[in-house]
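Hello,

Here is the structure you asked to take over. Please look through it first; my notes on what was found follow below.

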Amino acid sequence: MRAEVGRVNILIVDDRPEQLLSLEAVLAPLGENIVKAASGREALRNLLQEEFAVILLDIKMPEIDGFETATLIRKRRSTLHTPIIFLTAYTDRVYVERSYSLGAVDYIMTPFAPEVLRTKVSVFVDLFKKTQKIKLQAESLRARAEQLQRLNRAALAINSALSLDAMVAAITEAARDVGGAHQAMTLVKLERPGERARTAVSLSERYTTFQKEAPPPIPGKLGALVCARNRPLRLTQRDLSLHPEWLDNRGERPPPRGYLAAPLTAADGQNIGTIQLSDRHDGEFSDDDETVLVQLAQLASIAIQNCVHAEAREANRLKDEFLATLSHELRSPLNAILGWTHLLRCEPFDAQRVAHGLEVIERNVAAQTKLIEDLLDVSRVTTGKLSISAAPMALAPVVEIAVDAIRPAAEAKGLTIDVSLDPHIEVNGDADRLQQVVSNLTSNALKFTRPGDHILVSLRRAGAMAELTVRDTGEGIAPDFLPLVFERFRQADSTSRRTHAGLGIGLSLVRHIVEVHGGSVVADSPGLQKGSTFVVRLPLLGVERSSLSALMREGRSRSLASSESASSLGGLRVLLVEDDADARELLQEVLSQHHAEVTAVASAHEALEAFCAARPHVLVSDIAMPGEDGYELIRAIRRLPPQAGGDLPALALTAYARKEDQKRALDAGFHMHATKPIEPAALVAAVASLVARARAGELPCARERGSSEEINP
C-alpha cells in the first residue's frame with residue numbers, strides 16, 4: 001500500500017507586487033506550488049478552492065488587512081488550523097500579541113533573511129505532507145477494509161448459489177462491486193464433453209436502459225490473452241487508447257477507464273476462465289484492486305470446482321437412477337413381445353386371439369422403438385449434433401397430426417382433448433421435430449391426467465410469436481420440482497413405486513428442439529392436483545400464405561406420387577445383404593410380397609459373388625457384418641464402371657442411427673440411409689423411389705457425396 005503526496009500549495013498574500021515576486025523567488029527552491037494573492041479578498045477566494053500547507057500574510061493591506069483576513073480564515077472549519085506566518089515591518093508589541101492571538105505560528109519582521117524564511121516554511125510544508133500522507137494511508141486502509149468486507153459478502157453470495165449459472169452471475173456482480181467498476185464480465189469454460197461455456201455481464205446504473213450512453217466494450221481479445229497466459233493483466237486508459245484493436249470496436253468509441261482481469265484456475269493449474277473489469281468509477285485500477293480481484297478469482301475458482309463436483313455427483317446419482325429405469329422400460333415391452341410370441345407359437349388360438357396377440361407385439365415394438373429414438377436424440381443433443389431442417393411451414397397441421405395420433409389413447413383412458421388452432425400461423429421450422437415437440441407435450445399431459453378430465457391444446461398468435469399451449473387438469477407439478485421439469489433424466493418420482501412409466505427425457509428434448517428453433521418453452525402449475533400448463537413460443541414467419549400453400553400442395557403431390565409408385569415392385573431385381581437370418585428372412589418376405597425378385601445373401605463376399613449373376617436394379621444392404629462390412633461392399637461396387645453396375649442405386653439399412661452414421665454411409669456411396677426397425681411400407685417406398693429416380697437420372701453420381709437423403713422409419 002502506497003500513499004504518495006505530491007507538490008503542496010503555499011499562499012503568499014501582499015498588496016505590493018514587488019514583495020510577491022521577492023517572496024516567490026525566496027520560496028521557489030522548495031519546489032512547491034506558490035500561489036500569490038494581492039489582497040485579503042483574493043486570498044479568501046483561493047482558500048475556498050485549494051488547500052494550503054502554510055500562509056504568508058502581510059498585515060498592512062487596503063480594504064481588508066492581514067488581521068481581518070486571519071480572523072475570517074479562522075472562522076472556516078477547513079482553514080481553522082492552517083499555519084499563518086505574518087510578514088510585516090511593524091515592530092510594535094501590540095501587533096505581535098494580536099498576531100499570536102489570531103493563531104499565527106510565527107511573526108517575521110522585514111527585511112528578513114531568505115534562508116530563515118525558507119527554513120521556517122519548509123518545516124510547515126513537511127508537517128503538512130506528513131499529515132496528508134497519514135490521511136491518505138487512513139483512507140487507503142478504510143477503502144481496503146471496505147473491499148475486504150465486500151469480498152466476504154461476495155464469498156457468501158457465490159457459495160450460496162444453487163447452480164453454476166447462478167454462481168457465475170454472482171461472481172460477476174461481486175467483481176464489479178469489489179473493483180469499483182462500471183463493467184464486469186465472467187467467462188467460465190470447463191473442458192468437459194458436452195459442457196457449454198458460461199458467460200455473465202454486469203453493468204452499473206450508468207449503463208441502464210434509461211441512459212443514452214452505451215458502455216464501451218470489454219476487450220474480448222485481452223480476455224483470451226489472460227486465459228492463455230493464466231496471469232492477471234492490468235492496463236490503463238492510455239494503454240487501451242494506443243491499441244484500439246483490443247476493444248473489437250475499430251476505435252469507433254473511446255476506450256474505457258482502465259482494464260483489469262484475473263484468471264480462474266482449477267486445482268491442477270489449468271485455466272477455466274476469467275473475471276474482467278473495465279471502466280473504473282474513479283481513476284485507474286490500483287495494485288490493491290488487482291490484489292483483491294485475484295483473491296476473488298481464487299475464491300470463485302474453488303467455488304466453481306466444488307459446484308462442478310457436486311453437479312457431477314448429482315449426475316452420477318441421476319445416471320444410476322436412469323439406468324435402472326432404462327432397464328425396466330426396455331425389458332417391459334420385451335416381456336410382452338417374447339410372451340406373446342411364445343403363446344402364438346405354442347397355443348392353438350382363434351383368429352381374433354391371434355390378431356390381439358399381434359397387436360400387443362406391434363404396440364410394444366413401437367414403444368421400444370420410441371424409447372430408442374429418444375435415447376438417440378439425447379445423444380445428439382449432448383454432442384451438439386441434433387440437426388434441424390427448417391423450412392417455411394404452417395404450424396396448425398403439424399399440431400393436428402400429433403394430437404390425432406394420441407386421440408385413441410386418450411379416448412381409451414376416458415379423456416377429452418379440446419383443440420383450438422389458428423390455421424394462419426406460419427413458422428420457419430422442421431415439421432418432424434415440431435411434431436415431436438407437440439407429441440411429447442400431449443403424451444406428457446395424457447400420462448398425468450386422470451380419467452374423465454380433459455386436455456386443452458391451443459395455437460394462437462401472440463405479438464411476433466406463435467404460442468402453443470398444452471394445458472391439463474391432472475396431477476400438477478410440485479413447486480420444488482417445477483424448475484427441474486425440463487432437465488434430462490429428471491422425474492418427480494423415480495422410485496420403484498412410481499405410478500407413471502418413462503425415462504424423464506421427453507421434456508428435455510422439447511426444450512432443446514424449441515430453443516434450436518429460436519423459441520422458448522415454460523412450464524407452470526399452481527401445485528399438486530391442480531393441473532399444469534406448458535407454453536411453447538416460436539418466432540412467426542413473414543411468408544405469403546399463397547406461396548406456402550403452393551409448397552404444401554407440391555409436397556402432397558410428391559407424397560401421393562411416391563405412394564402410388566410404391567404399391568408394386570414388379571419386375572425389380574433387389575440384392576439384399578443382411579447377416580442376421582431372421583431379419584434377412586423378414587426383409588425378403590416384405591419385398592417379395594410386393595413382387596420384387598430378391599436375391600438374399602448373408603455377407604459382403606456373397607453379395608459380390610451374386611452381383612454379376614443377379615444384375616440387380618437396387619441394393620439393400622446392412623452395414624455391420626462380420627468380415628467385410630457394408631461400407632467395404634459399396635466401395636467395391638462403386639469402383640466398377642457404370643456399365644458394369646458401378647452406379648447401382650443403394651440403400652443402407654442399419655441400426656446405426658446417428659447423423660454421423662448417416663453421413664458416413666452416404667460418403668461411402670449409398671444413396672439413401674434408413675434406420676432399423678423400418679416399416680414395411682417405408683422400405684418398399686424407399687426401394688421404389690431409388691429405382692424411379694435412377695431411371696429419371698435424378699440420383700447423384702456415385703462420387704458426388706453428401707447430396708443423398710435419409711429415410712425415417
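Predicted model: local features only at pLDDT ≥ 70, side-chain atom pairs only at ≥ 80, totals over all residues.

Residues are numbered from 1 along each chain as its sequence is written, and side-chain values use heavy atoms, with hydrogens and water left out.

The pLDDT of the protein averages 80, and 82% of the residues score at least 70. Residues 492-503 are below 50, and this stretch has 25 contacts in the model beyond near neighbours in sequence.

Overall, the protein has 19 helices and 23 strands; these are DSSP runs numbered from the N terminus (helices H or I, at least four residues; strands E, at least two). Of its 713 residues, 42% are buried, where buried means under 20% relative accessible area, exposed over 50% and partly exposed in between (1.4 Å probe, protein chains only). Among contacts with a separation of 6 or more, 68% are between residues 24 or more positions apart.

Helix α11 (residues 395-412) packs against helix α12 (residues 431-448) at an angle of about 35°, and their axes are 9 Å apart. Axes here are lines fitted to C-alpha atoms over the stretch in contact, and angles run from 0 to 180 degrees between N-to-C directions. On the α11 side the contact includes Leu-395, Val-398 and Ile-406, and on the α12 side it includes Leu-434, Val-438 and Leu-446. The residues of this contact divide into 13 nonpolar, 4 polar and no charged (nonpolar: Ala, Val, Leu, Ile, Met, Phe, Trp, Tyr, Cys and Pro; charged: Asp, Glu, Lys and Arg; polar: the others, Gly among them).

The whole structure holds 2 aromatic pairs. In one of them, Trp-340 and Phe-349 are tilted, at 6.3 Å centre to centre and 50° between the planes. Rings of Phe, Tyr and Trp (its six-membered ring) pair if their centres lie within 6.5 Å; planes under 30 degrees apart count as stacked, over 60 as edge-to-face and the rest as tilted. Trp-340 is buried at 13% relative accessibility, whereas Phe-349 is partly exposed at 30%.

Regards

Note on methods. pLDDT = per-residue confidence, 0-100. Contact = heavy atoms within 4.5 Å.
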